[in-house]
Amino acid sequence: MLFQAIDSQTAWDGMVFDRLAAAAEHMPMTAEILSGGIADNKKLS
């Protein structure tokens with residue numbers, strides 16, 4: 001989704017904000033997965 005948002009920005013196609021919003025919706029899930037992996041790796045939990 002992020003690559004599509006970047007492509008929209010460079011193409012000036014008018015969809016950049018919709019695509020950025022869609023890409024942002026994925027970030028909490030990504031952050032949860034990454035933070036869990038880091039915590040496990042560092043034995044923080």
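Helices (H or I, at least four residues) and strands (E, at least two) are DSSP runs, numbered from the N terminus. This is a predicted model: local features need pLDDT of at least 70, side-chain atom pairs count only at pLDDT 80 or more, and totals for chains, interfaces and linings use all residues. Residues are numbered from 1 along each chain as its sequence is written, and side-chain values use heavy atoms, leaving out hydrogens and water.

Colour by pLDDT, the predictor's confidence in each residue, from 0 to 100. The chain averages 92, and 100% of its residues reach 70 or more. Among the elements, α1 has the lowest mean, 91. Helix α3 (residues 27-41) has the highest, 94.

Next, select L2, F3, I6, F17 and L20. They form a nonpolar patch on the surface, with about 590 Å² of accessible area together. Areas come from the Shrake-Rupley method with a 1.4 Å probe; for residues, only the protein chains shown count as cover. α1 (2-11) and α2 (16-25) each supply at least two residues of the patch. The largest share, 3 residues, comes from α1.

Zoom in on F3, in helix α1. Is F3 buried or exposed? F3 is exposed, with a relative accessible area of 68%. Buried means under 20%, exposed over 50%, partly exposed in between (1.4 Å probe, protein chains only).

Now jump to A39 in helix α3. A39 is buried, at a relative accessible area of 19%. Leaving aside neighbours within four places in sequence, A39 is in contact (heavy atoms within 4.5 Å) with L44 and S45.

Last, pick A39 and A21. They are 18 residues apart in sequence and 28 Å apart in space, C-alpha to C-alpha.

Note on methods:
Patch = residues over 30% accessible without salt bridge, like charges linked within 9 Å, V, L, I, M, F, W, Y side chains within 5 Å. Salt bridge = Lys/Arg side-chain N within 4 Å of Asp/Glu carboxyl O.
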